[in-house]
Amino acid sequence: MNNILVTGGKGQLASCINDLSKKKSEFTFIFVDSDVLDITRKEDVVSFFKKNKFNYCINCAAYTAVDKAEMESAIAKKVNEKGAQYLAESCKINNTIFIQISTDFVFDGHHSIAYKEEDIANPLSIYGETKLNGELQIQKTLSQYFIIRTSWLYSEHGNNFLKTMLRLGNEKEQISIVADQIGTPTYAGDLAEVILKIIFQGNTTFGLYHFSNEGVASWYDFAQAIFNETQNKIKIIPIKTTEYPTPAKRPEFSVMDKSKIKINLNIEIPYWRDSLKKCLFRLK
């Protein structure tokens, strides 16, 4: 029997993994949140791994409140850096393969072409910095790991940009959306499928990977697509980042090159608008 630990068990990515996990009876998934396992407490992590034998650990737990992290850097560091470190250390002791979810926010956005895994990371925010430091702790500790950077995650679960737009579409006649930050919306269900493919196939091409849906969009494009698909007539006004100042700086361009993961896992990645349709259908 293969036992798989999934942290951040109530979050949107873990929820998508949970949806898919029910199709594989030969794998046992254990979904935990901070009320069951506090990954920021080393002794708790060590004890939990001693009591349970895991073949894989998927770390979906993260401090993801990007703006709040600027004021709560100590908490962000505990979760995103120390939490990843403690899990990695226990994975090493227990011969558990570690799968870490990271972010496009490790980049500064000064590129004009898609970022590759070997491009230099230079985060602009505390969130991006703590996620990068988490990556470095894992790489320092383990040889058997997958670090998957993703971007603009949304799904039918939890709170995300898609859900916010759907709510605002019912409440307002007009909204302003940033149009000069460029990246790729990623359906968490597609990322969950990739993670489970790694596990189910016993893939051992360990390392750092980029995964998002195919295509390029601004937040304005993303919002426009959501309202087009739901036939909502709300007026959307494109604005510049400077017109919507936030505590944390975001990369202006964070499109990622997915060549490595497509080749090593032999996968085709869906176009972001096709995945958006799929997610909206499931939300109905």
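This is a predicted model: local features need pLDDT of at least 70, side-chain atom pairs count only at pLDDT 80 or more; totals for chains, interfaces and linings use all residues.

Mentor: Residues are numbered from 1 along each chain as its sequence is written, and side-chain values use heavy atoms, with hydrogens and water left out.

Trainee: Which residues of helix α1 are buried?

Mentor: Helices (H or I, at least four residues) and strands (E, at least two) are DSSP runs, numbered from the N terminus, and buried means under 20% relative accessible area, exposed over 50% and partly exposed in between, with a 1.4 Å probe and protein chains only. Eight of the ten residues of α1 (residues 12-21) are buried, so this helix is largely enclosed by the rest of the structure. The cover over them includes β1 (2-7), β2 (27-31), β3, β4 (97-103), β6 (153-154) and α6 (188-200). The buried residues are Gln12, Leu13, Ala14, Ser15, Cys16, Ile17, Leu20 and Ser21.

Trainee: How do the residues of the contact of α1 with α6 divide into nonpolar, polar and charged?

Mentor: The axes, which are lines fitted to C-alpha atoms, for helices over the stretch in contact, with angles running from 0 to 180 degrees between N-to-C directions, come within 8 Å for α1 and α6 and cross at roughly 60°. The two helices are therefore oblique to each other, given that angles under 35 degrees count as roughly parallel, over 145 as roughly antiparallel, 65 to 115 as roughly perpendicular and the rest as oblique. Gln12, Leu13, Cys16, Ile17, Leu20 and Ser21 in α1 meet Ala188, Gly189, Leu191, Ala192, Glu193, Ile195 and Leu196 in α6, where contact means heavy atoms within 4.5 Å. With Ala, Val, Leu, Ile, Met, Phe, Trp, Tyr, Cys and Pro counted as nonpolar, Asp, Glu, Lys and Arg as charged, and the others, Gly among them, as polar, the contact of α1 with α6 divides into nine nonpolar, three polar and one charged.

Trainee: Which residues make the contact between α2 and α3?

Mentor: Helix α2 (residues 42-51) packs on helix α3 (residues 73-93) at an angle of about 30°, with the axes 9 Å apart. That makes α2 roughly parallel to α3. The contact is made by Lys42, Val45, Val46 and Phe49 of α2 together with Tyr86, Leu87, Glu89, Ser90 and Cys91 of α3.

Trainee: Which residues of α5 and α9 make their contact?

Mentor: Helix α5 (residues 161-171) and helix α9 (residues 272-283) have axes that come within 12 Å and cross at roughly 60°. From α5 the contact draws on Leu162, Lys163 and Leu166, and from α9 on Leu276, Cys279, Leu280 and Leu283.

Trainee: Which backbone atom does the side chain of Asp67 reach?

Mentor: Asp67 is placed in the loop between β3 (56-59) and α3, and its relative accessible area of 22% makes it partly exposed. The C-alpha atoms of Asp67 and Pro247 are separated by 5.3 Å, although these residues are 180 residues apart along the chain. Leaving out residues up to four places away in sequence, Asp67 touches Thr246, Pro247, Ala248 and Arg250. At 3.0 Å, the side chain of Asp67 reaches the backbone nitrogen of Ala248, a polar contact being a pair of N or O atoms within 3.5 Å, of which, within protein, one must be able to donate a hydrogen and the other to accept it, with residues adjacent in sequence counting only if both atoms are side-chain atoms.

Trainee: Which backbone atom does the side chain of Asn94 reach?

Mentor: Asn94 lies in the loop between α3 and β4 and counts as partly exposed at 22% relative accessibility. Apart from residues up to four places away in sequence, Asn94 touches Phe49 and Lys53. Its side chain reaches, at 2.7 Å, the backbone oxygen of Ser90.

Trainee: Is Trp152 buried or exposed?

Mentor: Trp152 is placed in the loop between β5 (145-150) and β6, and has a positive phi of about 50° although it is not a glycine. At 9% relative accessibility, Trp152 counts as buried.
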